[in-house]
Amino acid sequence: MAPTKKSKKRKRDSKKLKKCKNLSVVPMEPRASEPDWWEIFWHKNCSTSVCAGSSGPNDEAEVFKYFFRTSKKTFDYICSLVREDLVSRPPSGLINIEGRLLSVEKQVAIAMRRLASGESQVSVGAAFGVGQSTVSQVTWRFVEALEQRAKHHLRWPSSSRLEEIKSQFEASFGLPNCCGAIDATHIIMTLPAVQTSDDWCDTKKNYSMFLQGIVDHQMRFLDIVTGWPGGMTTSRLLKCSKFFKLCNVGERLNGNARKLSGGSEIREYLVGGVGYPLLPWLITPYESDDLSPLKLNFNTVQGAAKSLAVRAFSQLKGSWRILNKVMWRPDKRKLPSIILVCCLLQNIIIDNGDELQPDVALSGHHDLGYQEHCCKQIDPLGNTSRENLANHWHQNKEKICSS
């Protein structure tokens with residue numbers, strides 16, 4: 001019987017496959033990879049006034065830290081976290097203007113410079129010899145990778161770590177059992193007309209996204225929530241957070257209570273501003289035009305502790321200036337990931353022993369022009385806790401101030 005046409009086709013396909021297999025074993029000349037990206041970047045960009053000026057960084061290590069916010073050692077650590085993801089994914093178009101493949105290190109540098117400077121993709125691309133689309137693609141690949149690979153740098157602390165945090169807050173401010181400070185800030189953006197709504201329009205008539213953070217004595221983020229419209233109040237943002245729900249069911253700030261002067265007890269708590277409700281686990285300042293000296297002194301101490309969160313956000317927005325500039329029509333589904341990665345980077349810098357750069361922090365308030373809406377909610381147990389804490393501090397102020 002003569003073979004069918006289908007069999008002939010299968011025979012032809014088999015020959016093609018065999019031919020392809022034979023071709024595949026021929027070694028292909030690898031595309032050239034880039035020479036040392038840092039040497040090229042340094043010589044190209046340090047002729048600018050940033051490096052040439054008397055107030056600018058004057059050695060290689062400081063120049064590196066100026067541009068990328070980290071030491072080279074920490075930068076290498078970040079590369080190690082994302083290397084597998086950046087290598088395993090197809091390098092679709094990730095080449096420079098000379099046709100060379102971008103190394104993982106250069107991809108990380110491009111992304112971190114974009115986040116640190118907040119400059120346009122065109123400007124960042126020009127500094128590295130790549131196009132705008134490459135900067136866009138590289139930055140998002142980096143954000144996706146770090147969001148997954150660096151989760152361990154932003155999680156609620158263990159019991160032993162929490163004890164250390166509480167000890168530091170008590171030593172610095174005389175506030176026993178305090179686990180951190182909380183604050184919130186707006187990330188401003190422009191939106192297409194079809195996406196605008198009153199929810200996203202805040203009290204300054206800007207379109208913005210909220211970021212709430214809890215920080216420790218090192219200005220390290222312990223918990224964040226973002227993605228919510230900037231038109232919300234701080235109090236409502238708190239109540240929408242997972243942290244709020246966990247506190248209410250006893251799964252956060254649930255450690256041992258601490259004995260205070262006079263025999264009363266104080267549970268674990270945070271300190272926050274007047275925009276937050278007074279709760280058993282969230283201590284806010286007294287609000288009145290006629291406060292006693294005891295309450296005024298307590299407000300001063302509470303404010304000093306709470307200022308750690310204010311400073312942390314000023315450092316965050318100053319270090320990663322993409323968060324402090326008006327974002328042009330960002331994807332609201334992707335923006336929370338960019339915000340999270342900036343918080344992760346701040347924590348990685350601290351965890352790796354790098355010093356935060358105070359000179360890059362914002363000189364003014366992180367939410368300049370925004371007035372905190374005063375929350376009138378006062379929980380009776382929260383009020384009692386604040387009274388006990390204020391009395392404890394007053395009774396021990398001489399010991400605290402001399403320590």
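## The cavity

A cavity is a set of grid points where a 1.4 Å probe fits but cannot get out. In this predicted model, the count comes to one cavity of 30 Å³ or more. The volume of the largest cavity is about 30 Å³.

Which residues line the largest cavity? The lining is made up of K65, R69, Q315, S319, I349, E355, L356 and Q357. By residue type, the lining divides into three charged, three polar and two nonpolar residues.

## Q315, a lining residue

Q315 is one of the residues that line the largest cavity. Q315 belongs to helix α12, which covers residues 293-319. Is Q315 buried or exposed? Its relative accessibility is 4%, so Q315 counts as buried; the cut-off for buried is under 20%.

Neighbours within four places in sequence are left aside in the contacts of Q315. With that done, Q315 is in contact with Q346, L356, Q357, P358, V360 and A361.

## Cysteines

How many disulfides does the model have? The count is zero. A disulfide needs two cysteine sulfur atoms within 2.5 Å. For C179, the closest cysteine sulfur is in C178, and the distance of 6.6 Å is too far for a bond. C247 is in no disulfide either, as its nearest cysteine sulfur, that of C179, is 9.5 Å away.

C179 counts as buried because its relative accessibility is 0%. C247 is also buried, with a relative accessible area of 5%.

Methods. Residues numbered from 1 in each chain as written. Predicted model: local features only at pLDDT ≥ 70, side-chain atom pairs only at ≥ 80, totals over all residues. Heavy atoms only, no water. 1 Å grid on protein atoms, 1.4 Å probe; cavity = no way out; pocket = protein on both sides within 12 Å on 5 of 7 lines; lining within 4 Å. Points joined across faces, edges and corners; volume = space filled by probe spheres on them. Nonpolar A, V, L, I, M, F, W, Y, C, P; charged D, E, K, R; others polar. Helix = DSSP H or I, 4+ residues; strand = E, 2+ residues; numbered from the N terminus. Buried < 20%, exposed > 50% of the residue type's maximum accessible area, 1.4 Å probe, protein only. Contact = heavy atoms within 4.5 Å.
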